[in-house]
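Here are some notes for a colleague who is coming to this structure for the first time. Please keep the sequence and the 3D view open while reading the points below.

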Amino acid sequence: MPDLTQHLCWMLQVVGMLRSDSVRCIDMSDNRLKIQEAFVILPITWPKETREGRPISWCLTIRKHDDPRLCPVATISEYWSQVQSSPCLVPHHKNSAIKSMPLIRSVKDYTVPVTSQTISNHAKVIMRKLPLSAQMVMPSGRATGSTTAFQQGAPSSDIATYANWSSTILFDKFYRMGSVTKTNFSMTILRSRA
């Protein structure tokens, strides 16, 4: 189960473009939760993000991947099938007046929710397997997922909507790793007059 937990935390950060605290805020007792063969809808309650100074609640939809080894829907389904029978309805870590059922649980006791730091540590186990040069700082899962999506052709406006960011500026300023343009500015600016 530790491997599955690590894999799930990494997938939620990379594919879901979630920070660890948002993963911790996934509430499996929320009636908006849906786990289907082709997609999952994960309710996120009381994440760090606010709108007009008020906490927001939103749902992340993740669609299946054709390769079962890379399918976040299959990973979520498998994980949930193993922990759902263990009761874990606890006060929300940001508002004790609200009860929630966290998705991610302790690998030793499924009735115990974990901290954001534990979620981050689980994801880092997978991130450390990436081929990075010695000079590179390990990127966040959120930066890895959003940058890879952009490099594969996803418009930054779609990335911002999917990640529940208020604008593409957040992606451009904080998450996009290495801004490379298609324009060769040496050739554009220093045109030969020959």
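1. In this predicted model, helix α1, which covers residues 2–14, packs with helix α4, which covers residues 116–127, at an angle of about 90 degrees and with the two axes 7 Å apart. Angles of 65 to 115 degrees count as roughly perpendicular, and α1 and α4 are therefore described as roughly perpendicular to each other.

2. On the side of α1, the contact is made by Thr5, Gln6, His7, Cys9, Trp10, Gln13 and Val14, while α4 contributes Ile119, Ser120, His122, Ala123, Val125, Ile126 and Met127. Sorted by class, this contact of α1 with α4 has eight nonpolar and six polar residues, with no charged residues.

3. Turning to the strands, there is an open sheet of three strands in the order β1-β2-β3, and the pairing is antiparallel. Strands β1 (34–35) and β3 (54–63) stand at the edges with a single partner strand each, so one side of each is left without a neighbour in the sheet.

4. Within that sheet, β1 and strand β2, the latter made of residues 39–51, run antiparallel and are joined by two bridges. Lys34 can be found opposite Ile41, a residue of β2.

5. A further antiparallel pair consists of strand β4 (residues 90–92) and strand β5 (residues 95–100), which are paired over three bridges. These two strands, β4 and β5, form a hairpin that has two residues between them, and the bridge partner of His92 is Asn95 in β5.

How values were computed:
Residues are numbered from 1 along each chain as its sequence is written. This is a predicted model: local features need pLDDT of at least 70, side-chain atom pairs count only at pLDDT 80 or more; totals for chains, interfaces and linings use all residues. Side-chain values use heavy atoms; hydrogens and water are left out. Two strands pair if DSSP finds at least two bridges between them. Helices (H or I, at least four residues) and strands (E, at least two) are DSSP runs, numbered from the N terminus. Axes are lines fitted to C-alpha atoms, for helices over the stretch in contact, and angles run from 0 to 180 degrees between N-to-C directions. Angles under 35 degrees count as roughly parallel, over 145 as roughly antiparallel, 65 to 115 as roughly perpendicular and the rest as oblique. Contact means heavy atoms within 4.5 Å. Ala, Val, Leu, Ile, Met, Phe, Trp, Tyr, Cys and Pro count as nonpolar, Asp, Glu, Lys and Arg as charged, and the others, Gly among them, as polar.
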